[in-house]
Amino acid sequence: KLLDILRCPVTKQQVFLLTEQQLTAINQAIASSNVVHVNGSIVNNPLEEGLVTENKNRVYRIEQDIPVMLEDESILTDQVEEF
């Protein structure tokens, strides 16, 4: 039910759980140290789960079943190949 009401704080788009393929792609990029948060800091830890915006441009991590919907800590997907 929470997914039905959650929206991206930046674009106001609906968010969806990352698919297994999307999660694998982003974690491979993170492992290569090629991914940064919007605030410019390097993403050091792989995602266990995440939410992606409707247009698939932005990802928010989920930690301990809690979505972290902070703009500065989101990840833009244009830095992930085959996302």
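## Close-up views of a predicted model

**View 1. Strand β3 meets β5.** R58 has L76 as its bridge partner in β5. The model shown here and in every other view is predicted. The β3 and β5 strands pair through 2 bridges, in the antiparallel sense.

**View 2. The hairpin of β3 and β4.** These strands run antiparallel and are joined by 2 bridges. I62 stands opposite P67 of β4. The hairpin has 2 residues between its strands. Q64 lies in the turn, with a positive phi of about 50 degrees.

View 3. L51 faces Y60, a residue of β3. V52 stands opposite V59, also in β3. Between the strands are 4 residues. In this hairpin, K56 adopts a positive phi near 65 degrees. Strand β2 is mostly covered, with 4 of its 5 residues buried.

**View 4. The other partner of β2.** Strand β1 spans residues 15-17 and runs antiparallel to β2. The two are joined by 3 bridges. V15 has T53 of β2 as its bridge partner.

View 5. E54 sits in the loop between β2 (49-53) and β3 (58-63). How does its accessibility class come about? Its relative accessibility is 49%, so E54 counts as partly exposed; the class called exposed begins over 50%. Leaving out residues up to four places away in sequence, E54 touches Q13, Q14 and F16. L2 is 52 residues from E54 along the chain. Their C-alpha atoms are 15 Å apart.

**View 6. Two nonpolar cores.** The largest nonpolar core holds 13 residues. Which of them have the most contacts inside it? They are I26, V35, L47, V59 and I75. Helix α2 (residues 20-31) supplies the largest share of this core, 5 residues. A second core is separate and has 7 residues, including C8, V15, I62 and M69.

**View 7. Contacts of I75.** I75 is among the residues with the most contacts inside the largest core. Neighbours within four places in sequence are left aside here. I75 is then in contact with I26, V35, V36, H37, V43, L47, N57, R58 and V59. The list includes core residues I26, V35, L47 and V59. It also includes R58, the residue bridged to L76.

**View 8. H37, a buried loop residue.** H37 is found in the loop between α2 and β2. Is H37 buried or exposed? With a relative accessibility of 15%, H37 counts as buried, because the limit for that class is under 20%. Not counting residues up to four places away in sequence, H37 touches I42, V43, D72, E73, S74 and I75. One of these, E73, takes part in a salt bridge with R61.

**View 9. Salt bridges at R61.** How many salt bridges does the model contain? The count is 2. R61 and E63 meet through their side chains at 2.5 Å, N to O. R61 and E73 form a salt bridge whose closest N and O atoms are 2.7 Å apart. This pair links distant parts of the chain, 12 residues apart. E73 lies in the loop between β4 (66-67) and β5 (75-76), while R61 lies in strand β3. Together, R61, E63 and E73 are linked in a network. E63 counts as partly exposed because its relative accessibility is 42%. E73 is in that class too, at 27% relative accessibility.

**View 10. The largest pocket.** About 310 Å³ of space lies in this pocket. Its lining has 14 residues. Which of them are closest to the pocket centre? N45, P46, L47, R61 and E63 are. R61 and E63 also meet in a salt bridge. L47 is also one of the residues with the most contacts inside the largest nonpolar core. Strand β3 gives the largest share of the lining, 3 residues.

Notes: Residues are numbered from 1 along each chain as its sequence is written. This is a predicted model: local features need pLDDT of at least 70, side-chain atom pairs count only at pLDDT 80 or more; totals for chains, interfaces and linings use all residues. Side-chain values use heavy atoms; hydrogens and water are left out. Buried means under 20% relative accessible area, exposed over 50%, partly exposed in between (1.4 Å probe, protein chains only). Contact means heavy atoms within 4.5 Å. A nonpolar core is a set of buried Ala, Val, Leu, Ile, Met, Phe, Trp, Tyr and Cys residues joined through side-chain atoms within 4.5 Å. Two strands pair if DSSP finds at least two bridges between them. A salt bridge is a side-chain nitrogen of Lys or Arg within 4 Å of a carboxyl oxygen of Asp or Glu. On a 1 Å grid over the protein atoms alone, a cavity is a set of points where a 1.4 Å probe fits but cannot get out, and a pocket is an open set with protein on both sides within 12 Å along at least five of seven lines; lining residues have an atom within 4 Å of a point. Grid points are joined across faces, edges and corners, and a volume is the space filled by probe spheres set on the points.
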